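Subject: Structure handover

Hello,

Here is the structure you are taking over. My notes on what turned up in it follow below.

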Amino acid sequence: MEENRMIHSFKSKVGDWFFVLLCLVISIICLLPMVNLLARSLSGVDYLVKHEVYLWPKGWNVDAYATVLTDMKYIRSFIFTAVLTLVCTLFSLLMTTLCAYPLIFENLRGRSLFNVIITITMFFNAGTIPNYLLMQKLNLLDSPLVLILPGCLSVYNMIIMRSFFYGIPDSLRESAEIDGASFFRILFSIYIPLSKPVLATLALFYAVGRWNGYSDALMYIKNKNYYPLQLLLYNILNNINSVEVATQEGFSSPGLSESLKAAIVMFSTVPILCIYPFLQKYFIHGVTLGAVKE
């Protein structure tokens with residue numbers, strides 16, 4: 001019996017180490033592109049032209065970062081994107097909460113119909129051209145509002161929040177109603193304080209989506225002052241190989257152009273990566289809301 005336990009314990013340890021090793025390998029594979037990008041952004045021109053840079057910088061050079069951090073169009077776009085992301089995240093959380101909260105009440109008239117209508121929008125939409133015409137009719141084209149209002153509510157995120165609200169005991173709401181608490185008082189005094197994990201999770205979803213978004217700005221925005229960082233990055237990466245654009249950016253060689261590409265990508269990626277560790281514990285809890293509870 002003791003021998004069987006030892007064998008079982010040994011097999012268990014081997015299995016644990018196998019999965020640890022597997023996770024380590026997957027993590028390294030995921031990190032390699034970022035490490036390569038960082039190395040390219042800090043490498044000298046000659047090494048980049050010869051394609052000799054892989055995981056470690058060669059011929060250290062920070063000219064690309066100096067250009068990014070001193071050029072006002074990058075700084076302006078970065079600040080605009082940060083403010084836009086903050087506003088969109090807060091507004092989206094407000095809209096998601098106000099949509100999910102009423103749907104948990106069984107006595108809400110037409111609740112089933114509302115659920116069906118909202119769910120349909122997850123699978124069907126009018127399309128790009130009708131959406132553009134709608135934005136045109138609403139006079140939202142070339143305005144920052146066009147980057148905020150159309151995507152202010154995600155049905156998928158609303159369903160996550162509604163599921164979390166379902167998990168809050170009805171007795172808390174009923175006791176508050178007996179004490180005379182209003183509809184919104186219950187929301188902001190009971191549900192919101194108890195919903196920090198799901199709010200942090202959805203805030204991360206909305207913030208990452210807005211920070212990385214560029215397709216809506218590409219369709220609706222022409223004023224360069226309203227270019228989000230990702231759209232600016234998209235335009236530069238598409239055009240920087242041309243002699244004219246490379247000259248405008250202050251570069252005259254392919255190596256420096258490649259270095260600038262890498263530096264811009266790092267410049268736009270690092271801020272959102274710095275936020276994730278602070279929300280990780282809430283994110284892990286939030287994505288398991290649909291799990292079976294004992």
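**Salt bridges**

D170, R173 and E177 are linked in a network of salt bridges. Please keep in mind that the model is a predicted one. The count of salt bridges in it comes to 3.

D170 is partly exposed, with a relative accessible area of 42%, and E177 is partly exposed at 41%.

**Aromatic pairs**

The structure holds 13 aromatic pairs. One of them joins F78 and W211: the ring centres are 5.7 Å apart and the planes stand at 85°, so the pair is edge-to-face. F78 is in helix α4 (residues 72–100) and W211 is in helix α10 (residues 196–211), so the pair ties together parts of the chain that are 133 residues apart in sequence. W211 is buried, with a relative accessible area of 5%, whereas F78 is partly exposed at 26%.

Y101 and F183 make a tilted pair, with 4.6 Å from centre to centre and 50° between the planes. This pair also links distant parts of the chain, since Y101 sits in the loop between α4 and α5 while F183 belongs to helix α9 (residues 183–194), 82 residues away. Y101 is buried, with a relative accessible area of 1%, and F183 is partly exposed, with 36%. Y101 and F183 are also members of one aromatic cluster, together with F105, F165, F184 and Y191.

**Helix packing**

Which residues meet where helix α5 packs against helix α7? From α5 they are R111, N115, I118 and T119, and from α7 they are V155, M158, R162 and Y166. By type, the residues of this contact divide into 4 nonpolar, 2 polar and 2 charged. The axes of α5 (residues 111–120) and α7 (residues 155–166) come within 10 Å and cross at roughly 145°.

**The chain overall**

The chain has 14 helices and 0 strands. Its length is 294 residues, and buried residues make up 36% of them. Among contacts between residues at least 6 apart in sequence, 70% join residues at least 24 apart. The chain exposes about 18,300 Å², and carbon and sulfur atoms supply 67% of that area.

Regards

Key
Residues numbered from 1 in each chain as written. Predicted model: local features only at pLDDT ≥ 70, side-chain atom pairs only at ≥ 80, totals over all residues. Heavy atoms only, no water. Axes fitted to C-alpha atoms, helices over the stretch in contact; angles between N-to-C directions. Helix = DSSP H or I, 4+ residues; strand = E, 2+ residues; numbered from the N terminus. Contact = heavy atoms within 4.5 Å. Nonpolar A, V, L, I, M, F, W, Y, C, P; charged D, E, K, R; others polar. Buried < 20%, exposed > 50% of the residue type's maximum accessible area, 1.4 Å probe, protein only. Areas by Shrake-Rupley, 256 points an atom, 1.4 Å probe, with all protein chains shown as cover. Phe/Tyr/Trp six-rings, centres within 6.5 Å; stacked < 30°, edge-to-face > 60°. Salt bridge = Lys/Arg side-chain N within 4 Å of Asp/Glu carboxyl O.
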